[in-house]
Amino acid sequence: MTVARFWRHLPQRYNMVGTKCEKCGRHFFPPRTFCPDCRRAWKIVEHKFKGEGTVVTFTVIHTAAEQYSMLTPYVLAIVKLDEGPQITTQIVMDPAKAKIGMKVKSVFRRIATDGESGIIHYGTKFVPVE
């Protein structure tokens, strides 16, 4: 991802901002410019997601790329947001306690670092709802 594109997409990544079709009510994350069901017949508006959802499926990553190796093992899951879209995300938890159907909520966390003195990337991860 280019630097300009990285900074342009910060609101979506940091705040879980997507879009919603005003005709059919379908939600999209990441944002879309038109609804694939209604096509361009209706207006798409910005939508801030609640950041809550349910784990559809998951896997535990034991071997990761170098910049993520300090996180292993970690849970990588597909979460269905309460508004409908499904996203791939990390669940911050003990991997032995992960389960399908578990309720989760979004949190703001460090994602990666570009070297020892590089940019620190932050974004949305999820944690179990207690």
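**Reading a predicted fold**

Analyst: Read along the sequence, the pattern is α-α-β-β-β-β-β-β-β-β, which gives two helices and eight strands. Helices (H or I, at least four residues) and strands (E, at least two) are DSSP runs, numbered from the N terminus. The model is predicted, so local features need pLDDT of at least 70 and side-chain atom pairs count only at pLDDT 80 or more, while totals for chains, interfaces and linings use all residues. Residues are numbered from 1 along each chain as its sequence is written, and side-chain values use heavy atoms, with hydrogens and water left out.

User: Why is Cys35 called buried?

Analyst: Because its relative accessible area is 1%, and buried means under 20% (exposed is over 50%, partly exposed in between; 1.4 Å probe, protein chains only). Cys35 sits in the loop between β2 (27-28) and β3 (44-48). In the protein as a whole, buried residues make up 33% of the 130 residues.

User: What is Cys35 in contact with, leaving aside neighbours within four places in sequence?

Analyst: The list is Cys21, Cys24, Phe28 and Ile44, where contact means heavy atoms within 4.5 Å. Cys35 and Cys21 are 14 residues apart in sequence, and their C-alpha atoms are 6.1 Å apart in space.

User: What makes Arg26 and Asp37 a salt bridge?

Analyst: Their side chains meet at 2.9 Å, N to O. A salt bridge is a side-chain nitrogen of Lys or Arg within 4 Å of a carboxyl oxygen of Asp or Glu, so the pair qualifies. Arg26 is in the loop between β1 (17-21) and β2, and Asp37 is in the loop between β2 and β3, so the pair ties together parts that are 11 residues apart in sequence.

User: Are Arg26 and Asp37 buried, partly exposed or exposed?

Analyst: Arg26, at 34% relative accessibility, counts as partly exposed. Asp37 has a relative accessible area of 53% and therefore counts as exposed.

User: How many salt bridges does a search of the whole structure find?

Analyst: Three. One of the others joins Asp82 and Lys50 at 3.5 Å, N to O. Asp82 lies in the loop between β5 and β6 and Lys50 in the loop between β3 and β4, so this pair ties together parts that are 32 residues apart in sequence. Another joins Lys103 and Asp82 at 3.2 Å, N to O. Here Lys103 is in strand β7 (residues 103-113), and the two residues are 21 apart.

User: Why does Lys50 count as exposed?

Analyst: Because its relative accessibility is 54%. Asp82, at 37%, is partly exposed, and Lys103, at 39%, also counts as partly exposed.
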